[in-house]
Amino acid sequence: MNENVMNDQYGMEDLLEQEKYLIHNYGTFIPEASEMPLRTVLTDNLNGCVKDQYQVFAKMEQMGWFKGQEADVNVLTGAKQRFSRMQNELN
C-alpha cells in the first residue's frame with residue numbers, strides 16, 4: 001500500500017486542525033478590529049468555525065478516530081478552584 005495515500009481519517013484530522021487554526025486566528029483578530037461591522041463579520045465567522053470544528057470532532061469520535069479522555073474529578077475541581085480564585089482577585 002502506498003504510504004502517501006490520503007485516507008478519510010487523515011482528511012478529517014486535517015479538517016479538525018484547520019478549524020482549530022481558524023478559531024485561534026479569529027480569536028486573535030477580533031479584538032484588533034476597530035469597526036463594529038468588521039467585528040460582527042469576524043465573530044460570525046468564528047462562530048461558524050466553532051460549529052464546524054465540533055461537527056468534525058463528533059464525526060471523528062463516532063468513527064472511532066478520536067477518543068476523548070474523561071477528565072479526572074480532582075483535576076476539574078482544582079481547575080475550578082484556581083479560576084474562582086483568579087476571578088475573585090480580578091473583582
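This is a predicted model: local features need pLDDT of at least 70, side-chain atom pairs count only at pLDDT 80 or more; totals for chains, interfaces and linings use all residues.
| Helix | Residues | Number of residues | First to last C-alpha | Expected span |
|---|---|---|---|---|
| α2 | 36-63 | 28 residues | 40 Å | 40 Å |
| α3 | 73-90 | 18 residues | 26 Å | 26 Å |

In α2 the span from the first C-alpha to the last is close to the value expected at 1.5 Å a residue, and the span of α3 is likewise close to its expected value. Just after α2, G64 takes a positive phi of about 80 degrees.

**Buried residues and nonpolar cores**

Helix α2 has L42, L46, C49, Q53, V56, F57 and M60 as its buried residues, and these pack against α1, which covers residues 8-29. The largest nonpolar core consists of six residues, namely Y26, I30, A33, L42, L46 and C49, and α2 gives the most to this core, with three residues. Apart from it lies another core, of five residues, which includes L16, V56, F57 and M60. In soluble globular proteins, nonpolar side chains tend to be buried together. Which residues does L46 contact, once its neighbours within four places in sequence are left aside? They are I23, Y26 and I30, and of these Y26 and I30 belong, like L46, to the largest nonpolar core.

**Aromatic pairs**

A pair of aromatic rings is described by the distance of the centres and the angle of the planes. The count comes to two aromatic pairs in this model. Y54 and F57 form a tilted pair, with 5.9 Å from centre to centre and 45 degrees between the planes. Because they are three residues apart in helix α2, Y54 and F57 are separated by about one helical turn. The rings of F57 and F66 have centres 5.1 Å apart and planes at 80 degrees, so this pair is edge-to-face. Together, the ring pairs link Y54, F57 and F66 into a cluster.

Note on methods
Residues are numbered from 1 along each chain as its sequence is written. Side-chain values use heavy atoms; hydrogens and water are left out. Helices (H or I, at least four residues) and strands (E, at least two) are DSSP runs, numbered from the N terminus. The expected span of a helix is 1.5 Å times one less than its number of residues. Buried means under 20% relative accessible area, exposed over 50%, partly exposed in between (1.4 Å probe, protein chains only). Contact means heavy atoms within 4.5 Å. A nonpolar core is a set of buried Ala, Val, Leu, Ile, Met, Phe, Trp, Tyr and Cys residues joined through side-chain atoms within 4.5 Å. Rings of Phe, Tyr and Trp (its six-membered ring) pair if their centres lie within 6.5 Å; planes under 30 degrees apart count as stacked, over 60 as edge-to-face and the rest as tilted.
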